[in-house]
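Here's a quick briefing to read alongside the structure. Have the viewer open and follow along.

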Amino acid sequence: MSDPFRRSARIDAVELSEILKISELADALKREGRDVITLGTGEPDFSTPPHVIHAAHQAALAGETTYTLTAGTLELRRAIAAACQRENGYTPETAEIIVCTGAKQVLYNAFAATLDPGDEVLIVAPYWTSYPDIVTVCDGKPVVMPTSAETGFRITPEQLRDAIGPNTRWLLLNSPSNPSGAVYSAADLEALAEVLRDAPHVGIMVDEIYQHISYVPFRSFRAIASDLADRTLIVNGVSKSYAMTGWRIGWGIGPKRLTAAMLAVQSQITSGASSVAQAAAVAALDGDQQLLAERSDDFRERRDMLAAALNATGVLDCPSADGAFYLFPGCARAFGKVTAGGRRIESDADFCTALLEEEGVALVPGRAFGTPGYVRLSYAYSRASLTEAATRIARFCANLK
Ligand code: PMP
C-alpha cells in the first residue's frame, strides 16, 4: 500500500543539506564528550542591539500584537525606503516593497510567483546552499554557472551571455557572497547589466543581505542599473547587518507587478511577518547606524587573522574575501595525502570529515555550495575559538603525508 506520507516529487528532489550532515556528525562527537569547534554556521555572533529589543518590547506593550498588512507595516516599508535612499541612492515606493519572514521567504515568494516547470534560473557557484533547492521546490530548473578563485568567484559578462537561453527566467546574483565573500564592483555590475539589457526576458534577482558586511565599497545593482529596475528584485533584510537572524525579517524591492504576485503567494502561506519583529526592524533601520561600521571592522580583523593562519598551513590556499563573514579556501593540495589518523583525502568532503574526526573542527565542504575542492569557514566566532581552530587546522595539515 502506498504511504500517504510519501514525499512529493517536488520535495524528494531536494537533497539533505551537506551542512546538516556535518553538523549532525559534530553533534554526535559533542555527545561523546569531544571538544568540537564549529565554524559552520552563517550567523553573526553579535547580539541584537538593545535599542532594537527595547522597541520590540514597547510595541508588544502598546498592543502591536495583531496581524499586520500582508506586505508589511507602512512604518517598516517607509523605513526601508529611507534606508535605501540613505545607503543606495534610490527611493522605492512602498508598493514596490514586500516584507517577508526572513530574506529566504523573499526568494521563495518570487520563484513561486513566477516559475513554471522547465523555467531556468541561473545561479552562480559557489552559491548559498538554499538557492538551487528553493528553485527546485518552486518547479524551476537551477542552471549553475561555475566560478573559481581565478575570477574572484565572480561570473564574467561573457559567461553570462553564454548561459542565457530561451528558457532563462531569472539570473540570481549574491553580492557580497555567501560562501565566497566575493563583492561585485560598480564596474562588474555595469558590465553584467550591459549583457542583461540584451536579454529582456530575464529577471534579475540580487541578494544584497550582506550589504553592510563589505570591506570594499558596496554598490547596489538597482542603483547601478536603474534602467533595469522594471525587472530587478533586490533582496535584503536585517538578519546579518543588525544580528537579527531569529527575528525573521527580510524584504524584496521590485516592480509592483512582481511584488503583487509575491504578495499573493505570501498571503496563502504566512500572511504578514511578525508584528513585533517588524517594529524591531524599524528601530534597527531608523536608529544609530554607527554599529554597522564597527561590527564590519571587527569582522575584517577576524578575517585577516584567520586567512593568514590558513595560508600559513601551506595546504589551504585562501584568497581574501571582500565581504560577508566567510572564507573559502581551496583544499586540493591535501588530495592524495594521508592524515595522522590514516585517512586518505581525495575530496573536500574527506578533508572536512577527517578534520572533524581527528581535530574536532567542523567546516563545510565546498561541494555543498556547488564548488568541490574548497571548504567554507565562517569567522563569525570569538577570537579565542578562531585561534584554537587555526591551531588545530595547522596541526592537521602539518601531519598530512
Ligand atoms: N541569502 C543569503 C546569501 C544568506 O546567507 C542567508 C542566510 N544564511 C539568507 C539569504 C537568508 O536570510 P534570512 O535569515 O533573513 O532568511
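Predicted model: local features only at pLDDT ≥ 70, side-chain atom pairs only at ≥ 80, totals over all residues.

Residue numbers start from 1 along each chain, following the sequence as written.

**Record and domains**

- An unreviewed UniProt entry carries the annotation "domain: Aminotransferase class I/classII large" over residues 35–393. UniProt positions are in the numbering used here, feature names are shortened, and annotations may be inferred rather than shown by experiment.
- That span, residues 35–393, is 40% helix and 15% strand, and its end C-alpha atoms sit 14 Å apart. Helices (H or I, at least four residues) and strands (E, at least two) are DSSP runs, numbered from the N terminus.

**Where the domains meet**

- Contact here involves 24 residues of domain 1 and 25 residues of domain 2, with two residues in contact if their C-beta atoms, placed from the backbone, lie within 7 Å.
- On the domain 1 side, helix H12 (290–312) and strand S9 (326–327) each supply at least two residues, and H12 gives the most, with 4 residues.
- By class, that side of domain 1 has 14 nonpolar, 7 polar and 3 charged residues. Ala, Val, Leu, Ile, Met, Phe, Trp, Tyr, Cys and Pro count as nonpolar, Asp, Glu, Lys and Arg as charged, and the others, Gly among them, as polar.

**The S9-S14-S13 sheet**

- This is an open sheet of 3 strands in the order S9-S14-S13, with antiparallel pairing; strands pair if DSSP finds at least two bridges between them.
- S9 and strand S13 (364–365) are the edge strands, each pairing on one side only.
- S9 and strand S14 (residues 375–378) run antiparallel and are joined by 2 bridges, with Leu377 in S14 as the bridge partner of Leu327.

- Strand S7 (residues 232–237) is largely enclosed by the rest of the structure, because 6 of its 6 residues are buried. Buried means 20 or more other C-beta atoms within 10 Å of a residue's own, exposed means 12 or fewer, and partly exposed is in between, with C-beta atoms placed from the backbone.
- In a regular strand the side chains alternate between the two faces of the sheet.
- Thr232, Ile234 and Asn236 point one way from S7, while Leu233, Val235 and Gly237 point the other way.
- Strand S6 (residues 203–207) pairs with S7 in the parallel sense over 4 bridges, and Val206 stands opposite Ile234.
- Strand S8 (residues 250–253) pairs with S7 in the antiparallel sense over 4 bridges, and Gly252 in S8 stands opposite Val235.
- S8 also pairs with S2 in the antiparallel sense, over 4 bridges, and Trp251 in S8 stands opposite Val99.
- Strand S2 (residues 97–100) is covered on both faces, with Ile97 and Val99 buried on one side and Ile98 and Cys100 buried on the other.

**Ligand shell**

- Of the 13 residues around the ligand, Gly102, Ala103, Lys104, Asn178 and Ser239 come nearest; a residue is near a molecule if its C-beta atom, placed from the backbone, lies within 6 Å of it.
- The shell has 3 nonpolar, 8 polar and 2 charged residues.

**Leu61**

- Leu61 is found in helix H3 (residues 50–61). Leu61 is exposed because 9 other C-beta atoms lie within 10 Å.
- Leu61 and Asp298 are 237 residues apart along the chain, and their C-alpha atoms are separated by 35 Å.
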